[in-house]
Structure formats: structure tokens, C-alpha cells
Amino acid sequence: DYQRDRIEAFVNPEETKGDIGFNVNQSRIAIGSGQIFGKGFGNGTQSKRNFLPEYQTDFIFASYAEEFGLVGSLILFFLYGVLIITAFFTAIKFSKDPMLSLICVGIGIKILFEVFINIGTNLGTIPATGIPLPLMSAGGTSVFVTLITLGILQNIYTKGTSKLRTEKKDILNVYEE
């Protein structure tokens, strides 16, 4: 019954009875009330007055969009885009080593899916799932795992860059001799 109610709340959020669609409706209200420039840091009425449940975890994007508005949300999208594109470009850069390339692609897809699902949930375009927003949602495990994956990505980039430098030096030494 609970799963059926959640699907009904996703299909018809305004027509559901009770608290099933409450979180997503409050999330949409919070995002819309942020308008262009937002209400300012710490001034979100939906989140600070407890209209938006779980504003520090599952619905952190709604709280952020309410406080920083459309401009702040676009900046956040840009930063996540840079992070995801960096992972994919690192995969392309090290395409000679398929294992490292696949790890980089996996990290990029992990972050992309988490961002897509969390923001989609907040906007009401996909059913509420409880996936945290990387590096923003409260909760130690999610942040810890994301930081480990970013550390792995950084290690691949650093090791690969130093490996390329030594290969260039070896090539120069061959030509000099």
C-alpha cells in the first residue's frame, strides 16, 4: 500500500490525501519562493520554519534554491558540471589504460546520477528516493564515500600526469643521445 501511495503521489501530487506528497509539494514551494536571487543565506522560510522536512539531507537542493535562488542554483549546476566533466576528461586522457579510464567514467556517472536523482526528486520530476546530493547533504557516509571517490580520481590524474612527464623525458633522452 505504501509503494502504491508513493506512485499515486508522484502521478497526481495535488490530488493525494494525507502526507504522501507533502515533502515534494513543500520542496516545489521552496524552490519557487527563491525566485531569481534567493532570500539570502539562512533566510529560507520553508526550511527554517520546518515546512520542508529533511531540508538538510534529501531536500537540501530545495533549501539551497530557496536561499540562493536561480542564480545560485545555476552556479551549483556549473560546479557539478565541472566536476563531472573533469572525471570524463580524465577518463579520455588515460584511455590507453582501460582500468583507470573505466574507474574515472564510473566516478563521473556516480556523481551525475546522484545529482540528477536528488534534484529530480526535489523538483518532483521523479519519485522521491532519498538519494543525497553529493558534498552537500548532511550525513557522514555519503560525504565520506564521495570524498574517497574524488581522492581516487585525483590520484589517477596525478599518477597519470607524472607518468606522462617521465615518458616525455624518456623520449627527449633518446633523441638527445
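At what angle do H2 and H5 pack, and how far apart are their axes? Let's look at that and other close-ups of this predicted model, in which local features need pLDDT of at least 70, side-chain atom pairs count only at pLDDT 80 or more, and totals for chains, interfaces and linings use all residues. Residues are numbered from 1 along each chain as its sequence is written, and side-chain values use heavy atoms, leaving out hydrogens and water.

**View 1. Helix H2 meets helix H5.** The two pack at an angle of about 90 degrees, with axes 7 Å apart (axes are lines fitted to C-alpha atoms over the stretch in contact, and angles run from 0 to 180 degrees between N-to-C directions). H2 and H5 are therefore roughly perpendicular (65 to 115 degrees). Look for Val-24, Ser-27, Arg-28 and Ile-31 in H2, which meet Thr-121, Asn-122 and Leu-123 in H5. Helices here are DSSP runs (H or I) of at least four residues, numbered from the N terminus.

**View 2. Ile-111 and its contacts.** Setting aside neighbours within four places in sequence, Ile-111 is in contact with Tyr-80, Leu-83, Ile-84, Pro-134 and Leu-150 (contact means heavy atoms within 4.5 Å).

View 3. Glu-114, at 17% relative accessibility, counts as buried, whereas Lys-110, at 22%, counts as partly exposed (buried is under 20% relative accessible area, exposed over 50%, partly exposed in between, with a 1.4 Å probe and protein chains only).

Key
Angles under 35 degrees count as roughly parallel, over 145 as roughly antiparallel, 65 to 115 as roughly perpendicular and the rest as oblique.
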